[in-house]
Amino acid sequence: MTLPRRVKTIYNSAPPATWEPGQLDAQVGPSLLGHPPVEGPDSSKRLEGKVAVVTGAGRGIGRGVAKLLASQGAAVVVADVGAALDGDGEDSTPAAQVVEEISELGGRAVASYHSVATMEGGENIVKTAVEEFGRLDIVVTAAGILRDRMLFNMTEQEWDDVMGVHLKGTFSVVQPASEIFKEQGGGRIVTFSSVSGLYGYGGQANYGAAKDAIAGFTRVVAKDLARHGVTANAISPGAQTRMTDSIPDSTKDMRKGEFLPAPEGTLTTEPEQVAPMIAWLASDQAADVTGRIFHTVGNRVSLMNSPEQGRSIHKAGRWTVEELAGVFPETIGMDLVNPAPPQD
Ligand SMILES: NC(=O)c1ccc[n+]([C@@H]2O[C@H](COP(=O)([O-])OP(=O)(O)OC[C@H]3O[C@@H](n4cnc5c(N)ncnc54)[C@H](O)[C@@H]3O)[C@@H](O)[C@H]2O)c1
């Protein structure tokens, strides 16, 4: 069964000379890439003097983010409890190793082994930035775990653990950071959402709920902090990490129709490929970009549509159930299909 495509975009293989109105997916060629950087003398050190916290920075996508922010000049708190994929256990090795890798490349970093799943843990991570580097400018919340289960088999513990690391683990760091950002009149927040929640993936009621909640959280935080010079955006990444390695092939096949196809060889999924968009969002130049979700996979960066009101029906007076039953299938419901109908 092929699922209906949710993203309506066209892939243009010819590099456009200019961005055309209505163009939704374009391969950017040398003519656009050649635009000179306008921000200053050394745009390779775009984050010089900044201090960043990156949670989940010991592995996968967070590791790539921590290393890129450091190479762009930021001092980084590499925050990672070193948990197994299901959240069990603690291990200082991953975070310590990323700190070492950053130091070897001439960057500045310290590790924090606190869990983001408690307010105390989040506050300690933020405190580490201020104590070690004297300030805080950027928070990136990539820490995550999975406890996949069909809803009817899901336990309260599996729900709470996933909510704890993802949703509360975003709040626990962003909240104390927001106090500092408000005080200093600036800051950058990049949270982690997922198509699991934005589209809805089977077997991930806990994870999908947390990830869509993070998108909502980010939109609200963007509005709360806009007047204080703070931006908040969410990344919906796609990258090959232990998280995606845990997905069965049959499930991956089922989800294929939901993504844009790409020309052979251009869509690799190394976790480091998610980092450049985050580094740019964290920079001063991205001051006007806030409250948005960016889907970032391989060499493609997409601005996700924000939820908006679609087609509507209305009438004078209150609808009856009978009337809706009659009118719905021919109006707003005309082409709706059950994406996962009962199987024979
Ligand atoms: N990989 C993908 O394709 C993908 C897709 C959608 C969303 N995401 C999201 O991107 C983020 C990074 O995922 P990844 O694929 O790099 O995963 P990963 O498992 O490689 O890395 C996650 C890291 O988070 C750390 N962590 C777990 N619990 C923690 C806690 N309580 N406190 C501090 N650190 C903790 C782990 O130790 C691990 O190092 C996650 O939020 C994930 O949900 C990933």
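This is a predicted model: local features need pLDDT of at least 70, side-chain atom pairs count only at pLDDT 80 or more; totals for chains, interfaces and linings use all residues.
The protein contains eleven helices and eight strands, and of its 344 residues 38% count as buried. Among contacts with a separation of 6 or more, 69% are accounted for by residues 24 or more positions apart in the chain.

The eight strands considered here form an open sheet with mixed pairing, in the order S3-S2-S1-S4-S5-S6-S7-S8. Strand S3 (108-112) and strand S8 (300-303) stand at the edges, and because each has a single partner strand, one side of each is left without a neighbour in the sheet. On average, and with direction ignored, neighbouring strands of this sheet are turned by 20° against each other.

Several of the pairings can be described residue by residue. Strand S1 (residues 51-55) pairs with S2 in the parallel sense over five bridges, and in this pairing threonine 55 stands opposite alanine 79 of S2. S1 also pairs in the parallel sense with strand S4 (residues 138-141), over four bridges; alanine 52 stands opposite isoleucine 138 of S4, while the bridge partner of valine 53 in S4 is valine 139. S4 is in turn joined by four bridges to S5, with the two strands running parallel, and here valine 139 stands opposite isoleucine 189 of S5.

Helix H3 (residues 93-104) lies across strand S2 (75-79) and S3, and runs at about 175° to S3. Helix H4 (residues 119-133) lies across S1, S2 and S3, and runs at about 150° to S1. At 1.5 Å a residue, the 15 residues of H4 should span 21 Å, and the end C-alpha atoms of H4 are 21 Å apart, which agrees. The buried residues of H4 are Gly121, Gly122, Asn124, Ile125, Val126, Thr128, Ala129 and Phe133, and what covers them includes S1, S2, S3 and H5. The helix is followed by glycine 134, whose phi is positive, near 85°.

Valine 190 lies in strand S5 (residues 187-192) and is assigned as buried because 26 other C-beta atoms lie within 10 Å, where 20 or more are required. Not counting residues up to four places away in sequence, valine 190 touches Val140, Asn233, Ile235, Ile278, Leu281 and Ala282. The C-alpha atoms of valine 190 and valine 54 are separated by 9.4 Å, although the two residues are 136 residues apart along the chain. Threonine 290, by contrast, is found in a loop, between helix H10 (275-281) and strand S7 (293-297). Threonine 290 has 20 other C-beta atoms within 10 Å and is therefore buried. With residues up to four places away in sequence again left out, threonine 290 touches Ala222, Ala226, Thr231, Ala232 and Asn233. The C-alpha atoms of threonine 290 and valine 221, 69 residues apart along the chain, are separated by 9.4 Å.

Of the 34 residues around the ligand, Gly56, Arg59, Gly60, Gly144 and Thr241 come nearest. By class, the shell has 17 nonpolar, 14 polar and three charged residues. Helix H2 (60-71), helix H5 (156-184), strand S6 (230-238) and helix H8 (242-245) each supply at least two residues of this shell. Of these elements, H5 is also included in what covers the buried residues of H4, and S6 stands between S5 and S7 in the order of the sheet.

Definitions and conventions
Residues are numbered from 1 along each chain as its sequence is written. A residue is near a molecule or strand if its C-beta atom, placed from the backbone, lies within 6 Å of it. Ala, Val, Leu, Ile, Met, Phe, Trp, Tyr, Cys and Pro count as nonpolar, Asp, Glu, Lys and Arg as charged, and the others, Gly among them, as polar. Two strands pair if DSSP finds at least two bridges between them. Axes are lines fitted to C-alpha atoms, for helices over the stretch in contact, and angles run from 0 to 180 degrees between N-to-C directions. Two residues are in contact if their C-beta atoms, placed from the backbone, lie within 7 Å. The expected span of a helix is 1.5 Å times one less than its number of residues. A residue is buried if 20 or more other C-beta atoms lie within 10 Å of its own, exposed if 12 or fewer, and partly exposed in between; C-beta atoms are placed from the backbone.
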